[in-house]
There are 2 protein chains.
Amino acid sequence: MTSRSPLAPAAFPALPDIAGVTRRIARAHYKEWDRCDLTYIELAPGTTVAGVFTRNVCCSSEVELGREQVKGGSGRALIVNAGNSNAFTGYRGREAVEAIRAQVAEHLGCAPGEIFVSSTGVIGVPLPKDKAREGVAAALTAAPCSWEAAAETIGTTDTFAKGAHASAIVGDRTVEVAGIVKGSGMIAPDMATMLGYIFTDAAVAPALLQAMLTKATAGSFNAITVDSDTSTSDTVLLFATGQAGNVPLASWDDAGADALYAAIEQVALDLAQLVVRDGEGASKFIEVQVSGAVSDESARRVALTIANSPLVKTAIAGEDANWGRVVMAVGKAGEPADRDRLAIRFGDHMVAKDGLPVEGYDEAPVAAHLKGQDIRIGADLGLGDGRATVWTCDLTHGYISINADYRS
Amino acid sequence: MTSRSPLAPAAFPALPDIAGVTRRIARAHYKEWDRCDLTYIELAPGTTVAGVFTRNVCCSSEVELGREQVKGGSGRALIVNAGNSNAFTGYRGREAVEAIRAQVAEHLGCAPGEIFVSSTGVIGVPLPKDKAREGVAAALTAAPCSWEAAAETIGTTDTFAKGAHASAIVGDRTVEVAGIVKGSGMIAPDMATMLGYIFTDAAVAPALLQAMLTKATAGSFNAITVDSDTSTSDTVLLFATGQAGNVPLASWDDAGADALYAAIEQVALDLAQLVVRDGEGASKFIEVQVSGAVSDESARRVALTIANSPLVKTAIAGEDANWGRVVMAVGKAGEPADRDRLAIRFGDHMVAKDGLPVEGYDEAPVAAHLKGQDIRIGADLGLGDGRATVWTCDLTHGYISINADYRS
């Protein structure tokens, strides 16, 4: 890994073991590098699964197959390949994924559809079947490893390993939720696809698990952006091993369902924010809050337009209280807005209101806020009750260096 | 002006005089700079006008008023202020524009609605009325100046003056079309709003003139992007003085209407491409051609998604034949596409087809194309007859430097 993002937390958190989840790593040598690049996570029989996937229509075979597999509701293992995304590789790429599924399924004595595969790395090069086969064989018999080792192994251009956890009371049991994630551009399709994996020992029926993941994703993984680009391989999977021994949850009305959801949502939000904190070249973590929109969805679109504006992102990089660029972004979002009701905030400081700068605007406290690492931008549209929060990072020379010089 | 864009043409073109158009410039001292920053273009009585304006809902008073004024169909003068956009300044900004209109209208003995005003520069600071009044007074009596001097005076962060011209036979007359433009981010709302002005000595009824401008804009000013941001002040005005003495054109069916349109379209396209060639930090001019889409509009959205992708733009900056990023951009555009029918071209070289890299792909000629200054990216979706071409530039360290460090 290259030099650690200035926005990284001090250390990888102490994640709890999740009963029914065993992690192993190996070297498949997908690239010329001296590191593990294949992760194998074995899941106890009875594990249920849910997934959300990229909407990019040029998605990889891993995504196509995974989207089908979650309908089965059952997961016995996860394989993550780092260094080759296997995207845009046609039938050859699909064969490589099917070979991995078959190899692991035979080892575990389960159906291939219970083996989930993700790949991240360069586009357009079929995943080499021989390297995959040898890497998988090594991983199947490797010693179990830590969460941190697994989080490192799924990473590519990531500058730090990312994990998060929470717990919940479900019936008379305490259940644990732990997750790992990789990604450092929102995606860079070469090497920074976003992949997230969340595990719980709770027992949850697949339909409810999917509903929980879909709901948790909206305000977390779908509320972050680094560069507005959308990977061909983005994937978040949620596995529930059922080993905690709780009465299986099948409905939102079941006791403990809300508590488990809250824990899953917290882990998803923590992981999503860690991806932003490792945004390519990031020097500032930016929270964009939009209120007063005609609907939550409208607020979200305005917030994402602000968060994706290169001019807003470069202004923050320059610690420049350039609120005019926020006005511009609100106005170009294509959502209902009224210039003369608009209010803009940096941190806790109102800078513009009712369509013009606030009387006696003092830039000093705003400038002080912008010197920090955690920046908050607020926009109130003054039209309704719609609100949304999204997270992004600034746009710096580091982003250009990473992405203009990546392959060469 | 700062150092000239590497993509700039060798020199400002020799634009023909347009009968009925007189240019004058003056110093309004809108900023602490030693240059002319107020342009006054006087138009002969009988001049008709058409306009297109930003869709940004947080638009300036200049845009609001201009949009109303073009409905009148008559234009007697244009004032362009450089250094202050007067956007997001509420009633005070509007008063400043109305004062300028009144001052010029009194001088010419015409209606204030025949005086068009544009402003470009920092957002949120009302245009100072006293400076404007003195600047306008000086401009009204200044000596006529060249096209190049006017093109320089409307500029802000532009690194070179931009002009274009064409001519057409209308009836038994040769009519001239000349235009100037400023803008160097697609816009940067501080200082790089796109403003374009096209003049012809042809006689054209306002409704037809508007139809011609709207049509010409679609494939020119609306087909370029530098950073995907949309200014609060973008404006293109087309004035027809009628001094050429042709039988006035009122319908597309009139003899010469098509020829005049072709000349207007050519000037609009040349001016639009010059804006891209002065894109902030640009080192490469990029043409994106999309074909095989389900409709032209769908092709245009896919082309703009490719052109706006930071990952595509940084790859080109790095002279990196990273066609996977083009695949990614096609897939995220939200338009009908089929991964397994997609073909990607760099220059004249096919790199991927039918969902995977071409057999025996040789990167050498592609790499050679990418070393040039004019880059062509092609994507064929293989679905229908829809096609579109858009133009953009690469995303470089220069863009970050200009926009992160602009105000400070």
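**Two copies, one shared surface**

Let me start with the interface between the chains. Of the interface residues of chain A, 100% are also interface residues in chain B, so the copies meet through the same surface. Contact here means heavy atoms within 4.5 Å.

Some ground rules. This is a predicted model, where local features need pLDDT of at least 70, side-chain atom pairs count only at pLDDT 80 or more, and totals for chains, interfaces and linings use all residues. Residues are numbered from 1 along each chain as its sequence is written, chains are lettered from A and ligands numbered from 1 in the order in which they are written, and side-chain values use heavy atoms, leaving out hydrogens and water.

On each side, 60 residues take part: 60 of chain A in contact with 60 of chain B. The buried area is about 5,000 Å², and carbon and sulfur atoms give 58% of it. Buried area is the accessible area (1.4 Å probe) that two parts lose on being put together, summed over both.

What about specific pairs? Between chain A and chain B there are two salt bridges. The rule is a side-chain nitrogen of Lys or Arg within 4 Å of a carboxyl oxygen of Asp or Glu. Glu64(A) and Arg339(B) meet in a salt bridge, at 3.4 Å from N to O.

The side of chain A that touches chain B divides into 27 nonpolar, 21 polar and twelve charged residues. For the classes: Ala, Val, Leu, Ile, Met, Phe, Trp, Tyr, Cys and Pro are nonpolar, Asp, Glu, Lys and Arg charged, and the others, Gly among them, polar.

Next, inside chain A. The domain assignment, automatic or from a database, gives domain 1 (21–277) and domain 2 (285–404). Their contact takes 13 residues from domain 1 of chain A and 14 residues from domain 2 of chain A. The centres of these domains, taken over C-alpha atoms, are 33 Å apart. Together the two domains bury about 1,200 Å², 56% of it on carbon and sulfur atoms. Six residue pairs are in polar contact across this domain interface, both at pLDDT 80 or more.

The domains of chain A also share one salt bridge. Arg277(A) pairs with Asp374(A), the closest N and O atoms being 3.3 Å apart. Arg277(A) lies in helix H6 (residues 257–277) of chain A and Asp374(A) in strand S14 (residues 374–380) of chain A, so the pair ties together parts 97 residues apart in sequence. Helices (H or I, at least four residues) and strands (E, at least two) are DSSP runs, numbered from the N terminus.

Notes: A polar contact is a pair of N or O atoms within 3.5 Å; within protein, one must be able to donate a hydrogen and the other to accept it, and residues adjacent in sequence count only if both atoms are side-chain atoms.
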